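Thanks for asking me to look this over. Here are my notes, to be read with the model open beside you.

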Amino acid sequence: MAEYMDIFRRHNLSKLASAKPGMIEKRANNKTKEAFDAIENDSARISALND
Amino acid sequence: MRLKTIALGLALLTISGCSLLGPKEVEIITKPVQIEIVQPVLPRPIDLKEPKWYVVSDSVIIENCLKDPETKKSNCKLGREDLYPEGYTYLDKFIDDIKKNHGGDIVFFAMTVDDYELMAFNTQEIKRYINQLGEVIVYYRNVTINDDNGGAVEIKVKKDGDN
């Protein structure tokens, strides 16, 4: 998960979003899905202890 | 006289608490007692819905290259799609889309780039917390479960310092 924050350190998001909003929009949506899926998987693993 | 003797004997026994019969040894034994700890039902997994992010700037939209009908691949030599008017920006497109979705009204929630980064940070924090809490749950489950198979319960957690 730390890699997500690393992206902000390595890139100037304002500049990129200003120049290529289409590209950043796609990546922001993909990465949001990726992060939410990871959270869902973590919680599913804990819930699986019920079984 | 006989009655007196019996009464005296009974009184002596009552007062002495049978100590005249000699002390009785008490044996103290320490024995582990198995306590049945009921494992709580863990909550159902998180079900998250993804919002759609719109990234908007005043950059002009560069239209996609036309596709070659034979190869089905984009070929810029064939020209570009003509979906938007000349000089149409991402901001124009966003405003038009919003108007279309809200009956002509312009209404939306906006976020700066810095706040977007904050949201990403918050998501990371929530993930870290869930992971660490999961480790604690697994630990307590493993030390309190009586089931032989219980000790085998494990969850995978990245140990890269931040998680």
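Predicted model: local features only at pLDDT ≥ 70, side-chain atom pairs only at ≥ 80, totals over all residues.

1. Residues are numbered from 1 along each chain as its sequence is written, and chains are lettered from A and ligands numbered from 1 in the order in which they are written.

2. On confidence, the predictor assigns the complex an ipTM of 0.84 and a pTM of 0.69. Chain B has an average pLDDT of 84, with 85% of its residues scoring at least 70; pLDDT is the predictor's confidence in each residue, from 0 to 100.

3. Chain B contains three helices and zero strands, where helices (H or I, at least four residues) and strands (E, at least two) are DSSP runs numbered from the N terminus. Just after α2(B), B:Gly103 adopts a positive phi of about 60°.

4. Now to the interface: 31 residues of chain A are in contact with 36 residues of chain B, contact meaning that C-beta atoms, placed from the backbone, lie within 7 Å. On the side of chain A that touches chain B, the largest share, 19 residues, comes from α3(A).

Terms used: Contact = placed C-beta atoms within 7 Å.
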